[in-house]
Amino acid sequence: MIVHKYNASVMSILDAFDGLRNDPDFMRNVTAWERLAPQPAFYGEVPPELDRRLTAALANQGISALYKHQAAAIRAALDGENVVVVTRTASGKTLCYNLPVLHMLLNDPEARALYLFPTKALSQDQAAALSALLRELRAVEQVPVRTYDGDTPQARRRRIRGEARLLISNPDMLHAGILPHHPRWATLLQNLRWVVLDELHVYRGVFGSNVANLIRRLKRLCRFYGSDPQFILTSATIANPKELGEKLIEAPVSLISADLDGSPRAEKHVVLYNPPVIEPNLGIRRAYTLETTSIAERLLTSRVQTVVFARARLTTEVLLGYVRDAFERMGGDPTEVRGYRGGYLPLERREIERGLRDGSVKGVVATNALELGVDIGQLGAAVIAGYPGTIASLWQQAGRAGRRNEVSLVVLAASGAPLDQFVITHPRFLFERPTEMGLINPDNLSILLRHLRCAVFELPFRPDEHFGSFDQTAELLDFLVEEGELHRSNGTYRWLVDFYPAEGVSLRSGGNDTVVIQDVGEGRPNVIGEVDRTAASILLHEGAVYTHEGRTFLVERLDWENALAEVVAAHVDYYTDASENTDLEILEVADADENQPARRAHGWARITAQATSFRKVKRYTHETLGYGPIDLPPRAFETSAYWLWIEPEMVEQLEAEGVLHAPVDYGPSWERARRQALDRDGQVCRQCGALPREGRSHDVHHLRPFREFGYLPGENRNDRSANDLDNLITLCPTCHHRAEAARGARSALAGLAYALSNVAPLFLMCDPRDLGTHVEIRSPRTQGPTITIYDRVPEGLGLSERIYELHTDLIAGALELVRGCGCQDGCPVCVGPVGPGGLEIKTLTTQLAERLLQRSDDAS
């Protein structure tokens, strides 16, 4: 008989703790080990008017009392209030809405309820919990619960419309499958008494702004059918749940805060782990995926049921292979480690969930699809591969371990990304009060206009009718009349066009304009995906390498006018990196503060971006294999922006001290030499072959840096040698930037901008890619060194306004990021890539931030 090493080594979670704590190689990379003490349960009084059948059913399920927050939420709901419940994972939030909703449905035979969950898996899980409670009540037939989503067979949909008193769905189905067909759902809408929105913190940014407009459409149809539903919203811990909830449903809400959380908590250990540095000068660390695999291997071989979270689908599949291989090497059965992500079949996901609950699945590697409250039973540990992007998501994932009453372990293994490194070296951001704010902008014109089209399709508009709280509805309706999409007769606006507007609107996009990707390599074209047009110029330009589900394709043709990209499968050992030139023009100032040396403002800006060239980068070695031009039209949009600039007096001091670079005086020979270089090179970039953009000529670059020639105005004419034609080369702005970066010609101003843009998402609960930055040594508007951070989404989502409010906190956070980085002279984690000539940039960036903060403190 063969005894596997796995089966022979039976250890408890506490033994696993000891193994890690006593391992010096592991502990030297631990930046924090926090013990979250167990917490007893705190109970509240059951509202006396709650239907006694419900309290009896709960007692039969072993629930004899309600936690404090549950009692408060149910009290508020029964009093007719909209409610937002903000408590930790596994605190029993489900009962906060199930009990008042079922109370209504049991006592009013006409009443209906709508539950909206962000994922199908969560919908299925909640449907099962409701069914169990209704069986206990013997009310399965009295309160039919039905799920209506993309997996619902067509043959069952008509029957569901007639049967359901409690409908479980998701925002996408409400948007495209229910509201546009509202006459079929008249019974639901005219009797709708409750709407439940679970996982409120997910509804932020573009998605949240779309869902807010979706709620406007729902409430408008409810008014038409004569109903006025209450809302119950649940959320993970964020800094502004009440504000977000009220903005989402445009109505007052009663907040049941985390302070009222009465659920018990078992002891939990949270470990922050930073992979070891393998290249000290550059701050390069060992791959976090390998460290995650090693940690998961130790836990699994100690018989600790473990979930590993990854940030992306591709990373999930890579880690699944790593963990299975490691587990098998230690004598385990690799089939006992499963993957879990979007794209798996529903039956496959249900099988994995059952395996986690009954223990037959020992480990699972998942995306955030498993983060939200799907019942997977009691796990001993969670290993989080890379900061998941928000603190709320981190605690959601951490909550999947120890969901009952036993001690558990959570390990966050940081990647080398700047935000990861900031979080891992500043534990207070995780363990103190929440800093993240869920921000939405329902009145973003691009988003609002798409939903206004859908709303007119659903129901004609009266001339005096507002769309939610938006008070300029008539102007937009008149615009749609001019566009030929609406017809106005007798003062009423009606849908005119012969198409179905909701079909072309994605709730996860800020616009309708997408580019379809077709694989044309095997005969008949096959659509494999789509991307927003805003990203197509850098992802789908001709010659780009496009990755889809782990497969690589080469873009053979991009038909910009018809929004179609043709690709063919290709096995290549490189990827492509495209660059955009960005011009920024401030159009309007909403607010400004010039009372401090680090001045600030926010307002409206026009961004003009144009992709000009790309480079081919060899995988693993990151060697540049070549360049190519991109010939596509520029993209212009207006958005909100925040800008920081420095008062003139401080600029003079910082330039005198060498912290900031003054604008270079290239001498009297420069303009003539520059024109000659451009003429010699035919106005074409000598590096990538790109042509100049309309209204902007290419740059002229000094092969040997101008400063090395020692030109002193009025004292010598060394500018002639520096500006000699043989020392000049024409480069497009992108190639010029690369050339300067390779030389190390990075400034403290650029280093600070880089750090600010990477710290901001920690406060804004957004992706770093949601923000753009623009650095000017001398801004034409402020006349000084200026950093601008703007919303990448046209019309903005409110991110810039919040940055304006966080001005000092963000500078302090950027300073901590740079100071806390383990590199010697600067690296992509703190101030951005630094070439051999920029070894002082980390020090200068630190000095700049310190001076700005010091003077700001003095001024205040």
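The model is predicted, and local features are reported only at pLDDT of at least 70 and side-chain atom pairs only at pLDDT 80 or more, whereas totals for chains, interfaces and linings use all residues. Residues are numbered from 1 along each chain as its sequence is written, and side-chain values use heavy atoms, with hydrogens and water left out. The mean pLDDT (the predictor's confidence in each residue, from 0 to 100) of the protein is 87, and 93% of its residues reach 70 or more. Among the elements of the protein, the lowest mean pLDDT, 34, belongs to helix α1 (residues 5–8), and the highest, 98, to strand β8 (residues 192–197). The pLDDT is below 50 over residues 1–11, a stretch that has 20 contacts in the model beyond near neighbours in sequence. A contact here means heavy atoms within 4.5 Å. Helices (H or I, at least four residues) and strands (E, at least two) are DSSP runs, numbered from the N terminus.

Strand β11 (residues 268–273) pairs with strand β1 (residues 30–36) in the antiparallel sense over six bridges, and Tyr273 of β11 is the bridge partner of Val30. Strand β11 is also joined by six bridges to strand β18 (residues 408–413), and these two strands run parallel. In β18, Ala413 stands opposite Tyr273, and Val410 stands opposite Val270.

Six of the six residues of β11 are buried, so the strand is largely enclosed by the rest of the structure. Buried means under 20% relative accessible area, exposed over 50%, and partly exposed in between (1.4 Å probe, protein chains only). Both faces of β11 are covered, with Lys268, Val270 and Leu272 buried on one side and His269, Val271 and Tyr273 buried on the other. Axes are lines fitted to C-alpha atoms, for helices over the stretch in contact, and angles run from 0 to 180 degrees between N-to-C directions.

Another open sheet has seven strands in the order β6-β7-β5-β8-β9-β4-β10, with parallel pairing. Its edges are β6 (145–147) and β10 (254–256), each with a single partner strand, so one side of each is left without a neighbour in the sheet. Neighbouring strands of this sheet are turned by 15° against each other on average, direction ignored. Strands β4 (residues 83–86) and β9 (residues 230–235) run parallel and are joined by four bridges; Val85 stands opposite Thr234 in β9. Helix α11 (residues 205–225) lies across β5 (112–116), β8 and β9, at about 170° to β8.

The axes of α11 and helix α19 (residues 445–458) come within 10 Å and cross at roughly 25°. The two helices are therefore roughly parallel to each other, and their crossing is right-handed. Residues in this contact include Asn213, Arg217 and Leu221 of α11 and Leu448, His451 and Ala455 of α19.

Helix α17 (residues 418–425) packs against helix α26 (residues 748–764) at an angle of about 65°, with the axes 9 Å apart. Helices α17 and α26 are therefore roughly perpendicular to each other. Angles under 35 degrees count as roughly parallel, over 145 as roughly antiparallel, 65 to 115 as roughly perpendicular and the rest as oblique. Pro418, Leu419, Phe422 and Val423 in α17 meet Tyr754, Asn758, Val759, Pro761 and Leu762 in α26. Seven of the eight residues of α17 are buried, among them Asp420, Gln421 and Ile424.

Arg720 lies in helix α24 (residues 719–722) and counts as exposed, at 52% relative accessibility. Arg720 and Gly667 are 53 residues apart in sequence and 8.0 Å apart in space, C-alpha to C-alpha.

Technical notes
Pairing = 2+ DSSP bridges. Left-handed = near helix turned anticlockwise from the far one by under 90°.
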